[in-house]
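Here is a briefing on one predicted model. It goes topic by topic.

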Amino acid sequence: MSQKPRAVLWDMDGTLVDTEPYWMAAETALVDSFGGTWSHEQALQLVGNGLLDSAVLLRAAGVDMDPDAIVDKLTDDVRTALATQGVPFRPGAKAMLRDLHANGIRTALVTMSLRRMALSVVELVEFDAFEHIVAGDDVEQPKPHPEPYLKAAGLLDIDIEDAVVIEDSVTGVRAGAASGAVTLGVPHMVPLDGAGAHALWSTLEDRTAHDIIDLYASTKAAQTEGVLR
């Protein structure tokens, strides 16, 4: 068994970039435009969700649009915010990506945002950060279903059990854990206690690829010990 992961699979919103405030602002403006109200607590329920799942909740809040139209509207509004206000990368994220590459660990991006949104973000990374992107419009089953992460492993031609997933949401952590990957939670907008992550770090700041390697190795060792007992 390798003591080093073959790949790290990254969530985007809230993990790689701090776009959740943009999504929340877009949701609030959309609900307001239909005369409804949208609380911060309601917005937190959408963190990490598939966009069509979120659209159902927005329709329940009074948005009289087809779900696909809601998804397109939110995506366009967030892309506009990124273009005008910039992309706030999460602390330590870009440094971790560089260090993973320096240590020969491959990376893919796995997001429930639409592909055009993901490309808008990836284009703003100053280096070739990801071999593959799996976006919300690339899968049948969104997170917390494991399909997005299994698809990424397939594109990389690796076993999902040889990967580490990094996530900031409950739905994302559940997707990563259900896929069979070693799953790291880095909470941002919502707590992740009890979500099923193999480890929780408060931040990626000052973490290195060797911390990821150590997490992978220790998790695999614990799993092997549990099987042998």
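Leaving aside neighbours within four places in sequence, Asp18 is in contact with Pro88, Arg90 and His188; contact means heavy atoms within 4.5 Å. Asp18 sits in the loop between β1 (7-10) and α1 (20-33). Helices (H or I, at least four residues) and strands (E, at least two) are DSSP runs, numbered from the N terminus.

This is a predicted model: local features need pLDDT of at least 70, side-chain atom pairs count only at pLDDT 80 or more, and totals for chains, interfaces and linings use all residues. Residues are numbered from 1 along each chain as its sequence is written, and side-chain values use heavy atoms, with hydrogens and water left out.

- Asp18 is buried yet has no salt bridge. Buried means under 20% relative accessible area, exposed over 50%, and partly exposed in between (1.4 Å probe, protein chains only). A salt bridge is a side-chain nitrogen of Lys or Arg within 4 Å of a carboxyl oxygen of Asp or Glu.
- Which side chain of opposite charge is nearest to Asp18? Arg90 is, 4.6 Å away. For charge, Lys and Arg count as positive and Asp and Glu as negative; His and the chain ends are not counted.
- The Asp18 side chain does make a polar contact with the side chain of His188, at 2.7 Å. A polar contact is a pair of N or O atoms within 3.5 Å; within protein, one must be able to donate a hydrogen and the other to accept it, and residues adjacent in sequence count only if both atoms are side-chain atoms.
- Thr15 is placed in the loop between β1 and α1. Thr15 is buried, at 5% relative accessible area.
- The side chains of Thr15 and Asp168 are joined by a polar contact of 3.1 Å.
- Beyond its neighbours within four places in sequence, Thr15 is in contact with residues including Trp10, Arg90 and Asp168.

**Helix α1**

- α1 has 14 residues. From first C-alpha to last it reaches 20 Å, close to the 20 Å expected at 1.5 Å a residue. The expected span is 1.5 Å times one less than the number of residues.
- Among the buried residues of α1 are Tyr22, Trp23, Met24 and Leu30, and also Glu20 and Glu27.
- The buried residues of α1 pack against α2 (40-45), α3 (51-60), α4 (67-85) and α6 (115-122).
- Just after α1, Gly35 takes a positive phi of about 80°.

**Nonpolar cores**

- The largest nonpolar core has 57 residues. Such a core is a set of buried Ala, Val, Leu, Ile, Met, Phe, Trp, Tyr and Cys residues joined through side-chain atoms within 4.5 Å.
- Which residues have the most contacts inside the largest core? They are Trp10, Leu16, Leu109, Leu184, Trp201 and Ile212.
- A second, separate core of 17 residues includes Ala108, Tyr149, Val165 and Ala175.

**Salt bridges**

- The structure holds nine salt bridges.
- Glu126 and Lys94 meet in one, at 2.9 Å, N to O. This pair links distant parts of the chain, 32 residues apart: Glu126 in the loop between α6 and β3 (132-134), and Lys94 in helix α5 (residues 93-102). Glu126 is exposed at 55% relative accessible area, whereas Lys94 is partly exposed at 24%.
- Glu131 and Arg106 form another, at 2.8 Å, N to O. Glu131 is in the loop between α6 and β3, and Arg106 is in strand β2 (residues 106-110), 25 residues apart.
- The side chains of Arg115 and Asp138 also meet in a salt bridge, at 2.8 Å, N to O. Arg115 lies in helix α6 and Asp138 in the loop between β3 and α7 (147-156), so the pair ties together parts that are 23 residues apart in sequence.

**Backbone exceptions**

- Most residues other than glycine have a negative phi, and most peptide bonds are trans.
- The peptide bond from Lys143 to Pro144 is cis, with omega near 15°. Pro144 lies in the loop between β3 and α7.
- Asp157 has a positive phi of about 60°, although it is not a glycine. Asp157 is in the loop between α7 and β4 (163-167), and is exposed at 63% relative accessible area.
- Asp206, also not a glycine, has a positive phi near 70°. Asp206 lies in the loop between β6 (199-200) and α9 (209-228), and is exposed at 71%.
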